[in-house]
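Welcome! Please take a look at the sequence and the 3D structure below before reading on.

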Amino acid sequence: MQSPMRLVTLENLTVRLGGHTALSEVDFHIDKGEIVTVVGPNGSGKTTLLKAIIGAVKPRSGTLKHADGLRIGYVPQRLAIDTTLPLTVRRFLCLPHRHAEPTLQEALKNAGADGLIERQMTALSGGQFQRVLLARAILEKPDLLILDEPTTGLDQPGSAALYRQIEKVRRDLGSAVLMVSHELHVVMSASDRVICLNGHVCCHGAPEIVADAPEYRALFGSGTQGALALYRHDHDHHHHGHPAHSHEHGDCDHA
Amino acid sequence: MLDDFMIRATLAGFGVAIAAAPLGCFVVWRRMAYFGDATAHAAILGVALSLALSTSVFAGALAVALAMALTVSTLSGRGFAMDTLLGVLAHSALAFGLVSVSFLQGIRLDLDAYLFGDILAVNKSDLAVIWSGAALVLLLTLWRWSPLLTATLNPDLAHASGIDPKREQLVLTLGLAIVVAVAIKIVGALLIVALLIIPAAAARPLARTPEQMAFSAAVIGAAAAVGGLRLSFLFDTPSGPTIVCTASVLFAITAVSSRFIPR
C-alpha cells in the first residue's frame with residue numbers, strides 16, 4: 001500500500017485572535033483525495049482553522065506545511081458583495097486571473113451553475129450563488145477544496161443538492177475536501193474523517209468513532225442523537241463491507 | 001496654448017478626474033468615503049506645515065495625508081469602531097490644521113483656496129505636478145487592478161489566491177494620499193471626496209462590470225470638470241463647487257434614468 005500524499009500538515013498550531021486563543025495546539029493533516037469534516041460549536045475555531053490553512057490568519061506558534069505546488073480552492077463562509085460593485089458571474093470567475101471561456105463554462109457546468117455566466121452576482125439566488133462560488137473554487141482544478149459551511153442560508157433540499165454537487169466535483173477532480181459543516185448527518189455519512197473542534201481538537205477519527213466519543217457527545221448532547229441514528233442506518237448501508245478501514249484510522253483522545 | 005488660464009484649468013480638472021475615477025470606485029466599493037475625508041482634511045494641516053517650513057504645498061499635503069491614511073489603516077481593526085475613529089481623526093485633523101494656520105505669522109494664507117480650491121490659479125508647474133501625480137495614481141491602480149478587486153471582494157478569497165489584502169490596502173492608501181495632494185488645488189480639501197465618490201456613484205447604474213464602472217466614472221468626472229468650469233465662467237461662480245455641482249447633477253440623471261430603463 002502506497003503511503004498517502006500529505007497535502008497540508010499542521011503541528012502544534014496555536015492562533016490568537018484579538019486577545020483570546022482561538023486555536024490551541026492543533027495537530028491536523030489532510031491527504032490526497034480525503035474528505036475531512038470539521039465540526040464543533042459556534043466559536044470553536046472551525047473557520048479560524050480553515051483561515052490558518054489558506055494563510056489568512058497567522059499562527060502564533062506551531063508549524064503549517066503545504067505540499068509543494070498545492071492548489072487550494074476556497075469557498076468562504078460568507079461573501080457579501082456590495083451592491084455598488086457591478087460584477088457578472090464571468091468577471092467574478094476571472095478574479096484574480098483570467099481564464100479561457102471553455103474553462104469557465106466547464107467549471108460552471110461541473111458546479112451545476114450552467115447558464116448563469118452573464119448574470120449579475122447580486123441577482124443570484126442563495127443556491128446559485130453558492131454554486132458559482134464552488135465553480136470559482138474548482139476553476140484551477142485544486143488538489144484541496146476548502147469549504148466553510150457551504151450550505152449556509154440554503155433550505156434542506158437546496159443544501160442536499162449542493163452536497164451532492166460537491167461529492168460529484170470531488171469524484172470528477174479527485175480533490176481532497178476539507179469542510180466545516182453543521183449538518184451532522186451529512187457530515188457523518190460522507191466524510192472519511194471527522195475533526196471535532198472546541199478551541200482544541202476534542203477528538204478525531206472515522207465518523208462512527210467520533211460519534212461514540214464522550215467528548216463529542218458532551219459537545220453535541222442528545223439533540224443530535226436522532227440525526228446520528230438516521231445517518232447510521234445510511235452509513236452501514238453505503239459502506240458495507242469496510243469495517244476494518246474505519247477502525248484503522250479511528251483515534252480519540254482528550255487533548 | 002497653456003498661456004490661457006481656462007485651458008490650464010481644464011487640463012488640471014481633466015487630470016484629476018481621470019485619476020480619481022478608478023480610485024473613487026474602490027472608495028465606493030470598500031465604503032471608504034470617511035477614510036477619504038480624513039485623508040483630505042489632514043491635508044490642510046499639511047498645507048500649514050509646508051508654509052511654516054517653506055516647502056512645497058504639494059509635498060506637505062502629500063506627507064500629512066499619507067501619514068493620516070497610514071494611521072487610520074494601522075488603527076483599523078484594533079478595537080475602535082471605524083466610523084468613530086475616522087470621525088475623530090478627520091475632524092481633529094481639520095481643526096488642528098485650521099488652528100496651525102492661525103499661528104503662521106507674516107504669511108498671508110488664502111485659506112479659501114485650500115478649503116475650496118482655486119483651479120483658475122493653476123500655473124504651468126502646478127499642471128506638471130497634477131499630471132505627474134494623476135499619471136502615477138492611474139498607473140498604480142491599473143497595475144494592481146486585479147488583486148485590488150479580489151481583496152475588495154473578500155480578504156480571505158484574496159489570501160487563498162496568494163494576494164495579501166493588507167498590501168493592496170496600502171496601495172489604495174498611497175493612491176488616495178496622492179490624489180488628495182494634487183486635487184487640493186482643484187476642488188480643495190473639503191470637496192475632494194466628492195470628486196472621488198460622485199462620478200463613481202453616477203457610473204454605477206451604467207455598468208455591468210467593475211471596468212465599465214471605472215471607465216464611465218472617468219468620463220463622467222471629466223465631463224463634470226469641463227462642464228463645471230464652463231458654467232462657473234458663465235455664471236461667475238466658484239469653480240471647485242461648481243464642478244462638484246455638475247457632477248451631482250450627472251449623478252441625479254443616471255440614478256433617475258436607470259429606474260426607467262429596463263436592464
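## About the model

This is a predicted model, in which local features need pLDDT of at least 70 and side-chain atom pairs count only at pLDDT 80 or more, while totals for chains, interfaces and linings use all residues. Residues are numbered from 1 along each chain as its sequence is written, chains are lettered from A and ligands numbered from 1 in the order in which they are written, and side-chain values use heavy atoms, leaving out hydrogens and water.

## A covered strand in chain A

Let's start with strand β7 of chain A, residues 176–180. Strands here are DSSP runs of E with at least two residues, and helices are runs of H or I with at least four, numbered from the N terminus. Five of the five residues in β7(A) are buried (under 20% relative accessible area, with a 1.4 Å probe and protein chains only). Ala176(A), Leu178(A) and Val180(A) cover one side, and Val177(A) and Met179(A) are buried on the other.

Strand β3 of chain A (residues 35–39) runs parallel to β7(A), joined by four bridges; strands pair if DSSP finds at least two bridges between them. Here Ile35(A) has Val177(A) as its bridge partner. Strand β6 of chain A (residues 144–148) is also parallel to β7(A), with five bridges, and Leu147(A) stands opposite Met179(A).

## A nonpolar patch in chain B

Helix α11 of chain B (residues 210–235) gives the largest share of a nonpolar patch, four residues. One residue of this helix is Phe233(B), with a relative accessible area of 46%.

Conventions. Buried means under 20% relative accessible area, exposed over 50%, partly exposed in between (1.4 Å probe, protein chains only).
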